[in-house]
2 protein chains.
Amino acid sequence: ENQTKETEPRVRLPVVPKGITEPKFTAAICELQSHLGGENVVLNDQPLSDGWYMEHPNTHDAFNLLDSEETVASALAYPGDTAEVQAIVLWANKHGIPIYPISMGRNLGYGGAAPRVRGSVVIDLGRRMNKVLDINANDCTCLVEPGVSFYALHEDIKSRGYDNLQIDVPDLGGGSVLGNALERGVGYTPYGDHWAMHAGLEVVLPTGEIVRTGMGAMPGANTWQTFPYGFGPLHDGLFSQSNFGIVTKMGMTLMPNPGGSESFMYTFPKEEDLAQLVEIIRPLRISNILENVAQLKHCIQEVASLGHPRSTIYQGDGAVPIEVIRRQLSMLPCGDCTWIYYGTAYGPKHIREYKLDIINREFGKVPGARHIDPATIPVDHYFWARHRVASGIPDLHELAWLNWMPNGAHVFFSPVSSITGRDAEKLLQIAKQRHQEAGIDMFPAFCVGLREMHLILNIVYDRGSATSRDAATKCMRNMIDDAAKNGYGEYRTHLLFQDQVMKTYSWNDNALEKLNSRLKDALDPAGILAPGRCGVWPARYRGRGWEL
Amino acid sequence: ENQTKETEPRVRLPVVPKGITEPKFTAAICELQSHLGGENVVLNDQPLSDGWYMEHPNTHDAFNLLDSEETVASALAYPGDTAEVQAIVLWANKHGIPIYPISMGRNLGYGGAAPRVRGSVVIDLGRRMNKVLDINANDCTCLVEPGVSFYALHEDIKSRGYDNLQIDVPDLGGGSVLGNALERGVGYTPYGDHWAMHAGLEVVLPTGEIVRTGMGAMPGANTWQTFPYGFGPLHDGLFSQSNFGIVTKMGMTLMPNPGGSESFMYTFPKEEDLAQLVEIIRPLRISNILENVAQLKHCIQEVASLGHPRSTIYQGDGAVPIEVIRRQLSMLPCGDCTWIYYGTAYGPKHIREYKLDIINREFGKVPGARHIDPATIPVDHYFWARHRVASGIPDLHELAWLNWMPNGAHVFFSPVSSITGRDAEKLLQIAKQRHQEAGIDMFPAFCVGLREMHLILNIVYDRGSATSRDAATKCMRNMIDDAAKNGYGEYRTHLLFQDQVMKTYSWNDNALEKLNSRLKDALDPAGILAPGRCGVWPARYRGRGWEL
Ligand SMILES: Cc1cc2nc3c(=O)[nH]c(=O)nc-3n(C[C@H](O)[C@H](O)[C@H](O)COP(=O)(O)OP(=O)(O)OC[C@H]3O[C@@H](n4cnc5c(N)ncnc54)[C@H](O)[C@@H]3O)c2cc1C
Ligand SMILES: Cc1cc2nc3c(=O)[nH]c(=O)nc-3n(C[C@H](O)[C@H](O)[C@H](O)COP(=O)(O)OP(=O)(O)OC[C@H]3O[C@@H](n4cnc5c(N)ncnc54)[C@H](O)[C@@H]3O)c2cc1C
């Protein structure tokens, strides 16, 4: 393995939440143990171990950007059901202790399992609340607890023999179906917009009341997962990317088997092809000829996804020169190129062909475009991992990138733009300049939603090196500012940049941020739930130096 | 015309909002006139005229269920822009005067333009704020003000020559694109779920702040209409079916021209075919073989949609006997039958054929199913109105029903269920029993969304007759209760039943209703905005005898 970072000795740990004395904290923890059982409330008093993807820590961010003892939990609680979550919330209100719920804590690249406020008690919901509560093969829906991963849901469906159902998965299958949807994560089948595809929540409010949204509020209804609305105001949105409640159950729609899926890969020679390509993609995507979240990747990712350390191809400082990358490419199935498009068509063969023909004709308009025949692509190539993911089968190939640097860690820059050549070029230019300044490799992928695209820029850094972490951090901060100046905002961001990003959504004197504050104070008067998450601070913390 | 109801003389009008003296109210109105101009703030001191669809009143509900002076405005205000809406809101806070915003007030069957609290000042936004602010033919989006009707948007798109765009329309084209979406109204193309298809709001909060949701909060962004989310908590849902804000602008996605649309009509002989049919429809709908909101109508609607008074076929009291209906049917294109399915396939010819073949095979499993060849259907038949609507072309044919009774008025019973034969039968049984008791004709139509169906039951009553109104009201109240006992809740309801319906969403000791109260008090401390809408009351009104 490509890891050199040692498990660090504890220096400033264990930590106690600010504003409470150690004896009071210890007494409070004992009290919580008496509710949940001693084994379900544990202090974070062991060395911080980063583990790896399948054994990730819940005590801190395994991909730390700050000193690893900075964003850490004081303790961990493992509720077994909604009533225990409620008990924790009431306890937190009583003692004024900040709590930070996670579903599985695999929010890698966005803060992992770490709480925003140092010393929060992390509520690891997924450890014990990990049941698939229902799968309805007729309605094509399911109801899950926070600890159900994409892998687990997929397995559960297969084991019940429901061949007519498939799930949607993001790049990595180990995340929580529920946690990922709350973060408004994205996958690669036509059901890729996870938030849009959810239906119904059960939520413990910051003051302890338990609500069910939508049709969940109708006793005896069988529509909680089939009709996303209900009657009167809609509340679900309040609980995504927020700290207004702890979600304990979520309904999710499942995709009916489309009758086949067929992936394809095109390459385009020049960096300047980007604008033309994006203009070609837009109408195809909006009209659903391109049916899944389109991925247009920079060629460097073909090399990184091989899983070899960058030192095997380049030993210098700074970014790997493009000539070095190009030399590698010519040995790969894609051949020499700059952009690679991964996509998938769905349906029976003749329906797929209808769409694939149009795509082939349109992509062919870019001079030098090449369709790579899947029959020529080796079985262990990244292409087939993409195909699995786009067919709803969880995968881990994407972890290969971690080998790029020693102690490889990820942080994502994820700005949203409209699908235009101009926007794509502008974002690329911002990223290029800031990456060059920082001397780091740039990995851009344009993920085209329906009418918008996320540029997902994966910065791979050495988390064992303060220099590498600082370079990544600085590059992020600069890109966020540059993007905002040009009207681009992040769809989601790492814990440490959430204040900065929220501040960029500033229209009319930060009216939306003020609305968030108003809602936060109404719903969480004691300010105990995930203070600072997504830049939303409760009154108790606001303007007291917590913002980053 | 089939109208006998006279414009009634004023008896209890003009009205002044409860809790304010007439002189104070008059002074407040003068003050508002000084902000907006005298012609833009008018007292409701003229006789109440019901008009007709194209000249509908904004002073009261033209389809009154109570005495027509019951749910009426004290005055009307016509803001010209968002700043004037803000001025009205601040004024209402200052004087404690309830205000009730409407976009166009064509909410027929659900309360029309009427305010919930008698004597509210109705803010008729649509009168002056009626601009299509933007149409983006590349992104397939638009931005509209409250006064843009489906007709107007359709015309606007045509006049700009954008043949690649189409809108989605509900049965009647005269409603507001924005108002209908806020009510979570439904249309009949693949973009039929109007709330799901909106993108971005501008809202004046009840305390006067102006917010833009989603990417609207990012200065300089071109993504307000292309990306529906933004960063952090999502607020849009708070402003639908609610009284938490006044929406002054809304983004809407437009459907790219699908390359053709082809409507079809099937009939099924027996009432008992319902369960089998619904079971056939579900998988076809979820997999998008049936692409638009499927409508399964009871045959009586074929007769009603001819636009003849029921007295031409039956002169007795009570419901028209089914034999009488059947006799009429045999003279119509549908022939004798019980259920009629109206649907539309989209795409180029060979793609439509692929889907139509599957549909034909599946529907053919119901004994006696008949496909009615469109070539045999006269051009003025309802079928072609459905085809226009399903192709995004606004229409008014649906008004024909108003002729069924003298002074014909509508009220809708709209419960949601899963798409199962059992649910369809149960709902039909509830409706049948309550209609029989009330002695009124029953017009059920099952509108199948994606995983759920709304039963839309249109009660046609004589609004000039207190007996007829009371029968309709009683039938509604009973059906709402019966439905709730069986786990069915309304997706939307008439002003007068909103308290009753909200009370049925009672899970966990009315937890959701309490959350609404909490949000209402935080956002509207003075309790001035549309008190009581959708069963949400501000503190000032709560528990003081306002609920119905
Ligand atoms: C190489 C790589 C590729 C990736 N690709 C993708 C991708 O394709 N798509 C994608 O979406 N992401 C991607 N990610 C990011 C991330 O790994 C996933 O989004 C992952 O699913 C998030 O972790 P989780 O599901 O365990 O959520 P969690 O970590 O459990 O939750 C995330 C956050 O949501 C909040 N939260 C979680 N549960 C609750 C709850 N029950 N109540 C209230 N708040 C809660 C918390 O603030 C928490 O920190 C990628 C990461 C890497 C490193
Ligand atoms: C025969 C018939 C068929 C129908 N078919 C359909 C159908 O197919 N689909 C369908 O959806 N409806 C249908 N309707 C119901 C209704 O006519 C439409 O929904 C119509 O579009 C609603 O009226 P409106 O658009 O003018 O909305 P409005 O009356 O302007 O708004 C409705 C309500 O929303 C709120 N509201 C409106 N604007 C704002 C704002 N800017 N800010 C805050 N709150 C606001 C108010 O409480 C208002 O009372 C039908 C009615 C009839 C009689």
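Predicted model: local features only at pLDDT ≥ 70, side-chain atom pairs only at ≥ 80, totals over all residues.
## Helix packing, chain contact and salt bridges

Helices H1(A) and H2(A) are roughly antiparallel to each other, because the angle at which they pack, about 160°, lies over the limit of 145 degrees for that description.

From H1(A), the residues A:Ala28, A:Ile29, A:Glu31, A:Leu32 and A:Leu36 meet A:Glu84, A:Ile88, A:Trp91, A:Lys94 and A:His95 of H2(A). Sorted by class, this contact holds six nonpolar residues, one polar residue and three charged ones.

A further pair in chain A joins helix H6, residues 273-286, to helix H11, residues 421-438, whose axes come within 7 Å and cross at roughly 140°. That angle makes H6(A) oblique to H11(A), and H6(A) passes H11(A) in a right-handed crossing. Here A:Leu274, A:Ala275, A:Val278 and A:Glu279 of H6(A) are in contact with A:Gly421, A:Ala424, A:Glu425 and A:Leu428 of H11(A); the residues involved divide into five nonpolar, one polar and two charged.

In chain B, helix H6 (residues 273-286) packs with helix H9 (residues 349-363), the axes coming within 10 Å and crossing at roughly 155°. H6(B) and H9(B) are therefore roughly antiparallel to each other, and H6(B) passes H9(B) in a right-handed crossing. The contact is formed by B:Leu277, B:Ile280, B:Ile281 and B:Leu284 on the side of H6(B), and by B:Ile358, B:Glu362 and B:Phe363 on the side of H9(B). Six of these residues are nonpolar and one is charged, with no polar residue among them.

| Helix pair | Crossing angle | Axis distance |
|---|---|---|
| H6(A) and H11(A) | roughly 140° | within 7 Å |
| H6(B) and H9(B) | roughly 155° | within 10 Å |

Turning to the interface, chain A and chain B each contribute 87 residues to their contact. Between them the two chains bury about 7100 Å², of which 64% is on carbon and sulfur atoms. On the side of chain A, the residues A:Phe231, A:Arg451 and A:Trp507 supply 14% of the area that this chain buries against chain B, more than any other three residues.

Two salt bridges are found across the interface of chain A and chain B. A salt bridge between B:Glu209 and A:Arg518 has its closest N and O atoms 3.3 Å apart.

Over all chains, the search of the whole structure finds 66 salt bridges. One within chain A brings together the side chains of A:Glu145 and A:Lys131, at 3.4 Å from N to O. This pair links distant parts of the chain, 14 residues apart: A:Glu145 belongs to the loop between strand S6 (141-144) and helix H3 (150-159), whereas A:Lys131 belongs to the loop between strand S4 (121-124) and strand S5 (132-136).

Notes:
Residues numbered from 1 in each chain as written. Chains lettered and ligands numbered in written order. Heavy atoms only, no water. Axes fitted to C-alpha atoms, helices over the stretch in contact; angles between N-to-C directions. Helix = DSSP H or I, 4+ residues; strand = E, 2+ residues; numbered from the N terminus. Parallel < 35°, antiparallel > 145°, perpendicular 65-115°, else oblique. Left-handed = near helix turned anticlockwise from the far one by under 90°. Contact = heavy atoms within 4.5 Å. Nonpolar A, V, L, I, M, F, W, Y, C, P; charged D, E, K, R; others polar. Buried area = accessible area lost by both parts, 1.4 Å probe. Salt bridge = Lys/Arg side-chain N within 4 Å of Asp/Glu carboxyl O.
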